[in-house]
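Hi,

Here is the structure I promised to pass on.

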Amino acid sequence: MARGIEHSVVRVPKAGELVAAQLRRQVVTGELKAGDPLPSETTLMERFGVSRPTLREAFRILESESIIVVLRGARGGARVLAPSESVAARHMGLLLQYKGVPLADVYRTRTEIEVAALRAWGGRVNDLDVLSGLVVEAADTIDDAPQFAKVDSRIHQAITDLSGTQTLSVLAGMILNVMDEHKSLHLSVHGDDHERDTDELALRAYRRLLKLLTAGDVDGAVAHWRRFLRKIEPLVIADPDTTLVEVLS
């Protein structure tokens with residue numbers, strides 16, 4: 001006996017969504033670059049054959065995605081924004097908050113990403129120039145906890161960038177945005193003095209990592225970095241039950 005064909009409702013995109021999709025594609029392909037003004041509403045209405053309300057609905061969609069910003073006033077209009085990791089991190093953060101993910105889970109994910117990046121490093125010493133410069137900068141800012149925190153974030157990103165994999169680097173960037181929010185909150189509560197011992201420990205770890213990588217000892221670098229990140233986890237996250245709702249809300 002033949003089974004009946006199951007039917008499902010096919011949702012047809014609205015005109016505003018279709019216009020937004022075309023403009024979005026122009027941004028991600030580089031046809032429209034960050035800072036570029038979009039053509040006038042009249043021009044876009046004629047190009048897409050849509051009404052002003054439909055075009056403005058497309059603008060609202062793109063503005064909610066932080067792909068454009070609509071400025072009001074005599075010199076107003078829509079301008080293109082560069083897609084950024086901070087925007088992606090905000091959406092990721094909302095999802096993780098909804099799922100009740102603890103901050104420790106995010107921290108350990110960052111650890112695994114960085115360890116994977118170190119293993120994937122091709123051994124090219126020239127790739128270490130950025131990391132080397134940041135380690136020097138970290139030493140110069142050891143007495144300034146907020147500045148050291150910023151350099152620390154860039155060091156973590158530089159470690160992931162050693163993988164040469166853009167997808168891994170983007171994922172790491174989103175996670176670092178979440179960790180940076182926690183770091184800022186931590187500094188505002190505990191102050192600069194509370195960070196000095198941890199920062200000095202981190203600086204020694206950076207130098208050791210750089211030395212191992214320069215010597216081509218990838219296995220040693222991986223073992224050292226994993227050990228260091230595990231050691232400081234209780235210092236970075238005092239309460240393992242802290243959720244992202246407490247950090248990002």
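Axes here are lines fitted to C-alpha atoms, for helices over the stretch in contact, and angles run from 0 to 180 degrees between N-to-C directions. Helices (H or I, at least four residues) and strands (E, at least two) are DSSP runs, numbered from the N terminus.

On the helix 1 side, Val19, Gln22, Leu23 and Gln26 meet Leu44, Arg47 and Phe48 of helix 2, where contact means heavy atoms within 4.5 Å. That contact has four nonpolar residues, two polar and one charged (Ala, Val, Leu, Ile, Met, Phe, Trp, Tyr, Cys and Pro count as nonpolar, Asp, Glu, Lys and Arg as charged, the others, Gly among them, as polar).

Before you go further: this is a predicted model, with local features needing pLDDT of at least 70 and side-chain atom pairs counting only at pLDDT 80 or more, while totals for chains, interfaces and linings use all residues. Residues are numbered from 1 along each chain as its sequence is written, and side-chain values use heavy atoms, with hydrogens and water left out.

Next, the other helix pair. Helix 5 (residues 103-120) packs against helix 10 (residues 218-236) at about 165°, the axes being 9 Å apart. That angle makes helix 5 roughly antiparallel to helix 10. Among the contact residues are Tyr107 and Leu118 of helix 5 and Trp225 and Leu229 of helix 10. By class, this contact has 11 nonpolar, one polar and eight charged residues.

Then the strands. Strand 1 (residues 68-71) and strand 2 (residues 77-80) run antiparallel, joined by four bridges; two strands pair if DSSP finds at least two bridges between them. Ile68 has Val80 as its bridge partner, and Leu71 stands opposite Gly77. In the hairpin, five residues lie between the strands, and Gly73 takes a positive phi near 100°.

Cheers

Conventions:
Angles under 35 degrees count as roughly parallel, over 145 as roughly antiparallel, 65 to 115 as roughly perpendicular and the rest as oblique.
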